[in-house]
Amino acid sequence: MATFISDFFGIDDTVVEHYGALNISIVNDLPLFIDPFLLFHSEKPEYLELHEKIIEYLVFLRDRAADGHVDDGQLRNWYCFPEVKQNWLGFSESGNDGAGLGLDFARNLHANLHVIFSDFGEEKVTESSHLEKVCLVSDGVGRDNISDFTTNLIKDYLCKYTEKFAAEHLLLDAVRDVWVERANFNYRTQSWARARYKLPWVNGDFIILTPKDMLTRDENWINRGDLVEGFEDIPTAIPDIQLRAAVFNYFEQELARRPKPETKRGKRAKDREPTKKERATAAVATMRQFPQIIDYYIRLKEITGDEAKDLSEEKVLAIEYLFIEQLQALQSVLQAETDFYKVGRNTYDEAHARLAYLKDVIENKGGTASSTTTRGSRSSARRTSMSYTDWFGLGLRLMPVQKPMTAGARLISKLAEAKTRPWLR
């Protein structure tokens, strides 16, 4: 069973690398996400156009909200999207199925559109509007939601990007004509329309490639945790002296409201430093009082956008190293030094036997490694003493397995399948 698209189609992984796409796994999602800020900050005209397209759609939603009541049917049509599972990105226990964007996300985004785009086209602080702003003002919208929404809004571009790769590098029988639902939005009819593409076909479904330079891991560049943690640095960037003073004063008053230290025998205990949680609570309260702080935070992130590009590139390289290069090394050892691939896959005893081989490889046949990798002109030496299960973070228990087999065990067993089925060229 092939693990990555380069394996499945029998092409060298450098072909995918040179095209700029991620060499996706076709057995389990890789923990990466599209960050819309990387579109905004890109020097590529097509990425800037994609960011403008996202903003255009959100302004459409804002205007519809301003026109009057939006019912659940319209919310489902305009806001709700299934996860684009064919890009094999995100988090899932096994396979590539995700939850998608439901009515909870729809209602949260709909309720906050007036905050996100209140000054669209007349921004006085930030350079542009940003979808990620909704994460800063709403607890109900997170990183996964933003990435899924962005992926759906740029799905036509991603399909054409994949279609071009297939035309240049794959045989005709590796590609199929497929209809992709909700690929383009028709502003005249105010509805989503499907479109037809020639896309790679893998195990009964098409796949969608994603350019690596729009991907990141962990958090978007603009995110709520970063805003709260670095809150005390933000007011210094506010040029309005009166506003800056008011923000600092309100923040200090919120800190003063925290629980006082207990007294002992009538003596007042020494004041303690505010905890991280207390500072975060005070920061959130201050932002609610002065919502314009959020714009200054976003402006700081725009100014330091080059760091977003560099950081995301490093995170993608790390994922490629851990989940692709090291997995391929593990597969080679399993195939050369064990009977892992000679054991059946259907019964509990067979699964237990395969896990025993895997345990032996991890503990006794090079389950830790030091490696130096080179990507293009960039050389990066990475030394690690982690086990393969640490690298993958798949939750596999290496002690004797209890029935039924754990999801982590099923997943690592699937990932380690090495027999490829290349398309013969």
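A residue counts as partly exposed when its relative accessible area lies between the buried limit, under 20%, and the exposed limit, over 50%. D310, at 46% relative accessibility, is therefore partly exposed. The structure described here is a predicted model. Its protein chain has 425 residues, of which 49% count as buried. The secondary structure consists of 17 helices and 7 strands.

**Overall fold and surface**

- Among contacts between residues at least 6 apart in sequence, 71% join residues at least 24 apart.
- The protein chain exposes about 21500 Å², and carbon and sulfur atoms supply 49% of this area.

- D310 belongs to helix α14, which covers residues 305–337.

**Salt bridges**

- Side chains of opposite charge can pair when their charged atoms come close.
- The count of salt bridges in this model comes to 19.
- One of these pairs is E127 with R299, whose closest N and O atoms are 3.7 Å apart.
- This pair links distant parts of the chain, since E127 is in the loop between α6 (103–116) and α7 (133–137), R299 is in helix α13, and 172 residues separate them.
- E127 has a relative accessible area of 56% and is therefore exposed, whereas R299, with 28%, is partly exposed.
- E17, K212 and E320 are linked with one another in a network of salt bridges.

**Pairs between strands β2 and β3**

- R196 forms a salt bridge with D177, with 4.0 Å between the closest N and O atoms.
- R196 is in strand β3 (residues 191–202) and D177 is in strand β2 (residues 175–186), so this pair links parts of the chain 19 residues apart.
- D177 has a relative accessible area of 42%, so this residue is partly exposed.
- A salt bridge also joins the side chains of R194 and E181, at 4.0 Å from N to O.
- Because R194 lies in strand β3 and E181 in strand β2, the pair ties together parts that are 13 residues apart in sequence.
- R194 is partly exposed at 46% relative accessibility, and E181 is partly exposed with a relative accessible area of 49%.

**Loop residues**

- Q190 is placed in the loop between β2 and β3.
- The phi angle of Q190 is near 55°, a positive value in a residue other than glycine.
- At 30% relative accessibility, Q190 is classed as partly exposed.
- D218 is in the loop between β5 (215–216) and α10 (224–229).
- D218 likewise is a residue other than glycine with a positive phi, here near 75°.
- The relative accessibility of D218 is 39%, so D218 counts as partly exposed.
- P291 occupies the loop between α12 (276–289) and α13 (292–303).
- With 45% relative accessibility, P291 is partly exposed.
- P291 and V137 are 154 residues apart in sequence, while their C-alpha atoms are 8.7 Å apart in space.

Definitions and conventions. Residues numbered from 1 in each chain as written. Predicted model: local features only at pLDDT ≥ 70, side-chain atom pairs only at ≥ 80, totals over all residues. Heavy atoms only, no water. Helix = DSSP H or I, 4+ residues; strand = E, 2+ residues; numbered from the N terminus. Buried < 20%, exposed > 50% of the residue type's maximum accessible area, 1.4 Å probe, protein only. Contact = heavy atoms within 4.5 Å. Areas by Shrake-Rupley, 256 points an atom, 1.4 Å probe, with all protein chains shown as cover.
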